[in-house]
Amino acid sequence: SDRAALIARYRRAVEENEAASEKLRQLRRDYQAKKAEFDRSEASLAALQSCGQLIGEVLRCVDGDKYIVKASSGPRHLVSARPKIDASLLVPGTRVALDVTTLTIMRILPREVDPSVYNMLNEDPGDVDFSSVGGLNEQIQAIREVVEPPSD
């Protein structure tokens, strides 16, 4: 009776092992199929990236995954972005590379100007008049003589 119970336990363990082995084989087949699909899509993406790209600037987000981009050549396009691109980074003013054939945003580019210069572009000089500018008295007088009517 102990022997029958042990044999029954052994058979159950063998059946569980066979089921686990079959599940593992299926997972390996699924993995190989997904890997082949991934490799095909990466090859397609590399082919897309190898052709020319336009440089553009994001003007605004239209509908979650659509953007209006002004191409460096002039026209504006309604485009989408590659899924791998973080949409939160696609804010107005962001420079991007667009695929020439699909007009898809392929990657985010660094700013064209130095970051310190870029930050100065947004600075407000405040209220400045001629009296605030020092050392240019001769130039200011020359401008006044040209701009202001003579006082007779």
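## Glu-22 and its salt bridges

Glu-22 has a relative accessibility of 37% and therefore counts as partly exposed. This value, like the others in this report, is computed from a predicted model. The side chain of Glu-22 meets that of Arg-25 in a salt bridge, with 3.2 Å from N to O. The two residues belong to helix H1, which covers residues 2-50, and they are three residues apart, about one turn of the helix. Arg-25 has a relative accessible area of 38%, so it is partly exposed.

Glu-22 also forms a salt bridge with Arg-29, where the closest N and O atoms are 3.3 Å apart. Arg-29 has a relative accessible area of 43% and is therefore partly exposed.

## Other salt bridges

Five salt bridges are counted in the model. One of them joins the side chains of Arg-144 and Glu-148, at 3.7 Å from N to O. Through shared partners, salt bridges join Glu-22, Arg-25 and Arg-29 into one network.

Arg-144 is partly exposed because its relative accessible area is 33%, between the limits of 20% and 50%. Glu-148, at 44%, is partly exposed as well.

## Overall layout

The protein has three helices and five strands. Along the sequence they follow the pattern α-β-β-β-β-β-α-α. The protein has 152 residues, of which 14% count as buried. Its accessible surface is about 12,100 Å², and carbon and sulfur atoms account for 54% of that area.

For contacts between residues at least 6 apart in sequence, 37% join residues at least 24 apart.

## The barrel

The five strands form a closed barrel in the order S1-S2-S3-S5-S4, and the pairing is mixed. Neighbouring strands of this sheet are turned against each other by 55 degrees on average, with direction ignored.

Strand S2 (residues 66-71) runs antiparallel to S3, and five bridges join the two. Within this pairing, Lys-66 stands opposite Ser-80 of S3. The hairpin of S2 and S3 has four residues between the strands, and in it Gly-74 takes a positive phi near 125 degrees. Strand S3 (residues 76-81) also pairs with S5 (residues 104-108), in the parallel sense and over two bridges. Ala-81 has Ile-105 in S5 as its bridge partner.

## Leu-103

Leu-103 lies in the loop between strand S4 (95-99) and S5. Most residues other than glycine have a negative phi. Leu-103 is not a glycine, yet its phi is positive, at about 50 degrees.

## A nonpolar surface patch

Ile-143, Val-146 and Val-147 make up a nonpolar patch on the surface, and together they have about 320 Å² of accessible area. Val-147 is part of helix H3, which covers residues 137-147. Val-147 counts as exposed because its relative accessibility is 62%, and the cut-off for exposed is over 50%.

Note on methods
Residues are numbered from 1 along each chain as its sequence is written. This is a predicted model: local features need pLDDT of at least 70, side-chain atom pairs count only at pLDDT 80 or more; totals for chains, interfaces and linings use all residues. Side-chain values use heavy atoms; hydrogens and water are left out. Two strands pair if DSSP finds at least two bridges between them. Axes are lines fitted to C-alpha atoms, for helices over the stretch in contact, and angles run from 0 to 180 degrees between N-to-C directions. Patches are made of residues with over 30% relative accessible area and no salt bridge: like charges are joined within 9 Å, nonpolar side chains (Val, Leu, Ile, Met, Phe, Trp, Tyr) within 5 Å. Accessible areas come from the Shrake-Rupley method with a 1.4 Å probe; for residues, only the protein chains shown count as cover. A salt bridge is a side-chain nitrogen of Lys or Arg within 4 Å of a carboxyl oxygen of Asp or Glu. Buried means under 20% relative accessible area, exposed over 50%, partly exposed in between (1.4 Å probe, protein chains only). Contact means heavy atoms within 4.5 Å.
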